[in-house]
Amino acid sequence: MSDHDKRVALVTGANRGIGYAIARGLAEQEITAVLGVRDPNKGAAACSSLQDQGLDTHFELLDITDEKSIRTAVTHIQDRFDRLDILVNNAGIMIDGDANVLNVSQHTILKTLQTNVFGPLMLCQRCIPLMKAGGYGRIVNMASSLGSLTEMADPNSGYGEVETPAYRLSKAALNAITTLIAKEVRDENILVNSVCPGWVRTDMGGDQAPLTPEQGADTPLWLATLPDGGPSGGFFSERKQIPW
Ligand SMILES: NC(=O)c1ccc[n+]([C@@H]2O[C@H](COP(=O)([O-])OP(=O)(O)OC[C@H]3O[C@@H](n4cnc5c(N)ncnc54)[C@H](OP(=O)(O)O)[C@@H]3O)[C@@H](O)[C@H]2O)c1
């Protein structure tokens with residue numbers, strides 16, 4: 001396969017955790033993986049550790065809370081590869097501490113929405129024209145079962161004890177973005193889905209989580225490489241559809 005025929009993927013927050021495992025998994029499938037990372041040192045280190053494993057990875061400076069950074073990163077990808085096939089909106093934060101919905105600060109809500117909602121939306125807006133031009137696109141939004149309205153409304157939900165109100169709100173909003181964009185591009189061979197990776201052992205998930213980052217990356221990787229005609233506008237975990 002010539003370099004020009006290879007698919008190109010952008011994975012945000014790919015310097016560590018699930019994003020790093022997704023970038024590696026894509027590169028292992030002969031896809032050029034661009035790591036979108038906000039810290040140049042972390043980005044260079046993550047990228048070179050994957051290149052040392054013989055993988056085709058590149059690093060792009062990208063802070064998803066900064067519209068100019070998003071614009072510049074996507075322009076670089078366009079100039080360098082002349083295509084973008086896959087976007088994994090993986091970067092995210094959970095900064096609620098022990099706040100609950102009655103006392104969470106406006107600052108915490110705004111900062112969380114800026115990263116977990118507006119960033120992914122702005123990236124979709126910038127990347128979809130490139131996908132349309134190539135007649136192919138796969139967008140994976142890293143949501144969470146904590147953002148499921150079904151779980152929030154269920155008094156017996158297994159997540160009933162978890163507060164993190166800004167985070168839960170942000171992932172519900174991200175799921176809404178998935179449905180709206182999927183509808184907008186439904187005739188374009190661009191498949192847009194949300195995923196919950198499960199409870200994963202990362203800085204965010206903590207060391208009690210049962211899943212490795214590689215296990216958490218499994219369903220995102222499956223969605224990022226769906227065949228034409230695959231599902232779009234859904235919410236998945238363990239490769240199965242789950243309720244919004
Ligand atoms: N771990 C879980 O159990 C779990 C469960 C459900 C859903 N998720 C979701 O899965 C995704 C990945 O989670 P994770 O556990 O791998 O988290 P993580 O280990 O905390 O990694 C988060 C990544 O996001 C990056 N990031 C944060 N803000 C950013 C910004 N403004 N611009 C660019 N990058 C930014 C971080 O970069 P820095 O290194 O620079 O901070 C880091 O690379 C998140 O969206 C999370 O909500 C995780």
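Across which strands does α4 lie, and at about what angle to β4 does it run? In this predicted model, α4 lies across β1, β4, β5 (137–142) and β6 (190–195). Its direction is at about 175 degrees to that of β4.

The strands in question belong to an open sheet of 8 strands, arranged in the order β3-β2-β1-β4-β5-β6-β7-β8. The pairing in this sheet is mixed. Its edges are formed by β3 (57–61) and β8 (240–241), each of which pairs on one side only. Strand β1 (residues 8–12) and strand β4 (residues 86–89) run parallel and are joined by 3 bridges. Within this pair, Ala9 has Ile86 of β4 as its bridge partner. Strands of a sheet pair through backbone hydrogen bonds, in either a parallel or an antiparallel manner. Helix α2 (residues 40–51) lies across β2 (32–37) and β3, and α2 runs at about 175 degrees to β3.

Helix packing was examined next. Two packed helices are described by the angle between their axes and by the distance between the axes. For helix α3 (residues 67–81) and helix α4 (residues 106–134), the angle is about 20 degrees and the axes are 10 Å apart. Angles under 35 degrees count as roughly parallel, and α3 and α4 are therefore roughly parallel to each other. The crossing of α3 past α4 is right-handed. On the α3 side, the contact is made by Glu67, Ile70, Arg71, Val74 and Gln78; on the α4 side, it is made by Met122, Leu123, Arg126, Cys127 and Leu130. The residues of this contact comprise 6 nonpolar, 1 polar and 3 charged.

Helix α4 also packs with helix α6 (residues 165–184), at an angle of about 20 degrees and with the axes 9 Å apart. That angle makes α4 roughly parallel to α6. The crossing of α4 past α6 is right-handed. The α4 residues involved are Thr108, Ile109, Thr112, Leu113, Asn116, Val117, Pro120, Leu121 and Cys124. They meet Ala166, Tyr167, Leu169, Ser170, Lys171, Ala173, Leu174, Ile177 and Ile181 in α6. By class, the contact of α4 with α6 has 13 nonpolar, 4 polar and 1 charged residues.

Terms used:
Residues numbered from 1 in each chain as written. Predicted model: local features only at pLDDT ≥ 70, side-chain atom pairs only at ≥ 80, totals over all residues. Axes fitted to C-alpha atoms, helices over the stretch in contact; angles between N-to-C directions. Helix = DSSP H or I, 4+ residues; strand = E, 2+ residues; numbered from the N terminus. Parallel < 35°, antiparallel > 145°, perpendicular 65-115°, else oblique. Left-handed = near helix turned anticlockwise from the far one by under 90°. Contact = placed C-beta atoms within 7 Å. Nonpolar A, V, L, I, M, F, W, Y, C, P; charged D, E, K, R; others polar. Pairing = 2+ DSSP bridges.
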